[in-house]
Amino acid sequence: MATAVASSSSSLLFFSSLSSSLSPLPRLSLSSTSYHSLSSSLSISPSFLALSSKSPKKAVSSLFPAFTVKAEKKNVLIVNTNSGGHAVIGFYFAKELLASGHSVTILTVGEEGSDKMKKPPFNRFSEIVSAGGKTVWGEPKDIAKVLDGAAFDVVLDNNGKDLDAVRPVADWAKSTGVKQFLFISSAGIYKPTEEPPHVEGDAVKDSAGHVGVEKYMSEIFDNWASFRPQYMIGSGNNKDCEEWFFDRIVRGRPVLIPGSGMQLTNISHVRDLSSMLTSAVEKPDAAKGNIFNCVSDRAVTLDGMAKLCAQAAGLPVEIVHYDPKAVGIDAKKAFPFRNMVFKTFHNEY
């Protein structure tokens, strides 16, 4: 029997079967009603979905019978990093869970009064509290003390990059009877390949700390899943991504791109990843024991990224290519994306 899950953040409609894993992240394009907000949204057109544009409701009803599925409400703990591009994941995941009727506590690493908490997404945590969520701060090694005996059905570690950081959380979760353990890994885990894109099961770097975490999870939990995002976009991001392009475009500055600009990469909106994580919570058997690349089904070139942002802003863009070595610039520091083909794809959906 098939299921249909509608995303609350866009006009996206996910289709999956009970025998499949989780729904894929579909084709992405940037759009914005005003460039002044420097924000982006998604207009999504799944390539695998062919429905009549004249009577979409009739087409859907003919494919899927009408029924209502009530997911079990869970108590979820999110252990959230206090910096970097992954910080926004915990924020959106918490909001998605709360909107779906689940209970949420988000434990952010560090101190509530630190300067880091003045930046996004942490300065928007009032949105979580106003929606009924709870926010606490502390260190992973002190998790039992910080949570003071609270019990949870699901734990997401969106903080640790190696086993030393994740083990205290995982061990505590195991000892307290947590039923499902989820981990935010990274698409950067893969070894470079001459046959892109990377898919789940491809060779990973021995030096990647995420590898040890995934192995440890599989050993101590019956129900676990790992998610490997690539580049996340969305309002409240703690790390430059699409905003780097918008910043230059709206100021009339040229967009400086290393190399040819034809390097392929992949972007996904954090709302779609949060929906995917929520699906894992609500369909734990489907997610159980799986590793997921969290990407859209279409790549974009670095030049294409600049053009998408310009289109969203309603402004022209001047693209200038340069050789980082020739001008003595470290592209890793000067540009938000890797100066190489870096594209993953999803086999596990």
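Tyr231 and Phe337 are both buried, where buried means under 20% relative accessible area, exposed over 50%, and partly exposed in between (1.4 Å probe, protein chains only). This is a predicted model, in which local features need pLDDT of at least 70 and side-chain atom pairs count only at pLDDT 80 or more, while totals for chains, interfaces and linings use all residues. Residues are numbered from 1 along each chain as its sequence is written, and side-chain values use heavy atoms, with hydrogens and water left out.

**Aromatic pairs**

The structure holds 13 aromatic pairs. Rings of Phe, Tyr and Trp (its six-membered ring) pair if their centres lie within 6.5 Å; planes under 30 degrees apart count as stacked, over 60 as edge-to-face and the rest as tilted. Two of the pairs are set out below.

| Pair | Centre distance | Plane angle | Class |
|---|---|---|---|
| Tyr231 and Phe337 | 4.4 Å | 65° | edge-to-face |
| Phe245 and Phe335 | 5.9 Å | 80° | edge-to-face |

Tyr231 belongs to strand E11 (residues 231-233) and Phe337 to the segment after helix H12 (331-334), so this pair links distant parts of the chain, 106 residues apart. Helices (H or I, at least four residues) and strands (E, at least two) are DSSP runs, numbered from the N terminus. Phe245 is in helix H7 (residues 242-250) and Phe335 in the segment after H12, so their pair ties together parts that are 90 residues apart in sequence. Phe245 counts as buried at 0% relative accessibility, and Phe335 counts as buried at 4%.

One aromatic cluster is formed by Phe91, Tyr92, Phe122, Phe125 and Trp137. Elsewhere, Arg167 lies over the face of Tyr216, 4.9 Å from the ring centre; the criterion is NZ of Lys or CZ of Arg within 6 Å of the ring centre and within 35 degrees of the ring normal.

**Helix H8**

Helix H8 (residues 270-282) has 13 residues and should span 18 Å at 1.5 Å a residue, which agrees with the 18 Å between its end C-alpha atoms. The expected span is 1.5 Å times one less than the number of residues. Eleven of the 13 residues of H8 are buried, so H8 is largely enclosed by the rest of the structure. Among the buried residues are Val270, Asp272, Leu273 and Val281.

Helix H2 (residues 87-99) packs with H8 at an angle of about 55°, the axes being 8 Å apart. Axes are lines fitted to C-alpha atoms, for helices over the stretch in contact, and angles run from 0 to 180 degrees between N-to-C directions. H2 and H8 are therefore oblique to each other, since angles under 35 degrees count as roughly parallel, over 145 as roughly antiparallel, 65 to 115 as roughly perpendicular and the rest as oblique.
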